[in-house]
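Let's take a friendly walk through a protein model. Have the sequence and the 3D view ready as you read.

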Amino acid sequence: MFDDFLIRALAAGIGTALIAGPLGCFVLWRRMAYFGDTMSHSALLGVGLGFLAGFAPALGVTLVTVAIAALLILLQRSRALPVDTLLGILSHGALSIGLVVVSLMSGLRIDLMAYLFGDVLSVSRGELAALWAGGAVIIATLLLIWRPLLAVTVDEDLARAEGIKAGLVRGLFMLLIALTIALSMRIVGILLITSLLIIPAAAARQVARSPEVMAIGAAIVGVAAAVLGLNGSFLFDTPSGPSIVVVALGLFVLLSLVRMLKHLRPPGRAD
Amino acid sequence: MSGTGGNTAPLVKGRDLSVRRQGRWILEGVDIDISPGEIVTIIGPNGAGKSTLAKVALGLIAPDRGAVERRGGLSVGYVPQRVSVDASLPMTVERLMRLTRPAKPQAIEAALAETGVAHLAKAPVQRLSGGEFQRVLLARALVAQPQLLVLDEPVQNVDVAGAEALYGLIAGIRDRHGCGVLLISHDLNVVMATADKVLFLHNHLCCAGTPEEVANHHHYISLFGPRPLHPHSAGQSAA
């Protein structure tokens, strides 16, 4: 059944949404939206270096995004520059180096637009299998570190004092984000990956009352955005990645309105 | 794992604890022992290194000199000085109680009832007042029945009457659970009445002993003036 490119595209979009939703909640809670953006912008460099070294693109991307994240953490410690400045430098610097490196490799024919904005319609069966297998590992790991990661997110000292290995948990989380970027860049493109992390999570926040419900809600919003966005993309011949993001944005606005209406109710019945 | 099991060896034993930051000793040569069932209170002016000492005792900061021993498998309940739950994180009081460890619904209910905030179980934590949130944090630290309870300035944002009630509560908790308590405060009057042992800290240990001994010590008097040792006395305007 995966012979049909349409079905493959849907399976890829749904898979990506299922990973990005729950993980994106932590990106939101930990205020790491620009951090994630910086990591994903360095992905193109990973693709280029991966080709040069003979790696699979996904491995190159994982290595480079983790390296960028580590560099960012190191630079933050020095406190010589504000964090948003560091993020801007690394994010645009890595993206530009990536573009230059890829264009210098004359023998390499990369469809640049596909990497920047995603090309879910050209996803191969092998890539789809890698996405779902990798996604299963990511979700399983997230479930395993859910409680400690949430505790570290609320208060790191408190978590450590009560026996949680905060450094390990944070490192694993960073690795999960890098893997997610590596596996999903072909679906929405490296410029839009962050939006799939944060928009469904932000939409779910509008109606969720617990972290767990928010994570599941983010996955549902993401899946709905993927299915509707891809269908719209086929129907109106629009680019697939941006179409998914536009639908996610629409769902965010819708759920924000739902929340506003709930708060406009007459007093006396809170929630 | 609750209680002390008759073992009276110290929960935490620190010797010569020293921490250096920016070329300055912010903590120097401090000894600290916390035994089961004992309330140890650290007092001192702002910037005296009180939180630093607690963090060294907990193993959150490695001392630059000296060593701290914690009893093997020591379970800790910690109420940091400032906790803020990001507005983007939906979290009810009930859910916060299971933050670092699983807890049974009855245990959560009992802990919230013990600190007088059972009625807030379903409330989002971001909507609580300062005093309510402190009580919730205390309940959260208690719920797993830790051997050591560490409270950093637990009466911030709490009015005087609320502070007295909270200290009474802490003493009651020690009596019922038999846990050791490490308490940090600059709220001298009330603290003095509940502590078993007081460490008067000003980067180094100025003096240590029973509340009476510390209150009569010349360092204490020179910094805070002579004051009667009674929780209901007037004059909260120290510092």
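## A loop spot in chain B

B:Ala144 sits in the loop between helix H4 (130–142) and strand E6 of chain B. Helices here are DSSP runs of H or I with at least four residues, strands are DSSP runs of E with at least two, and both are numbered from the N terminus. With a relative accessible area of 23%, B:Ala144 is partly exposed. As for the cut-offs, buried means under 20% relative accessible area, exposed means over 50%, and partly exposed is in between (1.4 Å probe, protein chains only). B:Ala144 and B:Glu38 are 106 residues apart in sequence, and their C-alpha atoms are 19 Å apart in space.

A quick note on the ground rules: this is a predicted model, where local features need pLDDT of at least 70 and side-chain atom pairs count only at pLDDT 80 or more, while totals for chains, interfaces and linings use all residues. Residues are numbered from 1 along each chain as its sequence is written, chains are lettered from A and ligands numbered from 1 in the order in which they are written, and side-chain values use heavy atoms, with hydrogens and water left out.

## Chain A, helix after helix

How many helices and strands are there in chain A? There are 13 helices and zero strands, so reading along the sequence gives α-α-α-α-α-α-α-α-α-α-α-α-α. The radius of gyration of chain A is 19 Å, close to the 18 Å that the globule rule gives for 271 residues, so chain A is as compact as a globular protein of that length. That radius is taken over C-alpha atoms, and the globule rule is 2.2 Å times the number of residues to the power 0.38. Along its principal axes, the C-alpha trace of chain A spans about 70 × 50 × 30 Å.

Of the 271 residues in chain A, 51% count as buried. Among contacts (heavy atoms within 4.5 Å) in chain A with a separation of 6 or more, 77% are between residues 24 or more positions apart. Chain A exposes about 12,500 Å², and carbon and sulfur atoms supply 71% of that; such areas come from the Shrake-Rupley method with a 1.4 Å probe, and for residues only the protein chains shown count as cover.

Chain B has eight helices and nine strands. Of its 239 residues, 54% count as buried. Residues 24 or more positions apart make up 70% of the contacts in chain B with a separation of 6 or more. Chain B exposes about 10,100 Å², with 51% supplied by carbon and sulfur atoms.

Take a look at helix H1 (residues 50–58) of chain B: eight of its nine residues are buried, so H1 is largely enclosed by the rest of the structure. Among the buried ones are B:Leu53, B:Val56 and B:Leu58. Just after H1(B), B:Gly59 takes a positive phi of about 85 degrees.

## Strands side by side

In strand E5 (residues 76–79) of chain B, B:Val76 and B:Tyr78 point one way while B:Gly77 and B:Val79 point the other, and all are buried. E5(B) and E6(B) run parallel, joined by four bridges, and B:Tyr78 has B:Val150 in E6(B) as its bridge partner. For two strands to pair, DSSP has to find at least two bridges between them.

Strands E8 (residues 197–202) and E9 (residues 204–209) of chain B pair in the antiparallel sense over five bridges. B:His202 has B:His204 in E9(B) as its bridge partner. E8(B) and E9(B) form a hairpin with one residue between them, and B:Asn203 in the turn has a positive phi of about 70 degrees.

Most residues other than glycine have a negative phi. A:Asp237 has a positive phi, near 55 degrees, and lies in the loop between helix H12 (211–236) and helix H13 (240–264) of chain A. B:Glu153 also has a positive phi, about 50 degrees, although it is not a glycine. B:Glu153 lies in the loop between strand E6 (148–152) and helix H5 (160–177) of chain B.

Which of these is buried or exposed? A:Asp237 is exposed, with a relative accessible area of 70%, whereas B:Glu153 is buried at 5%.
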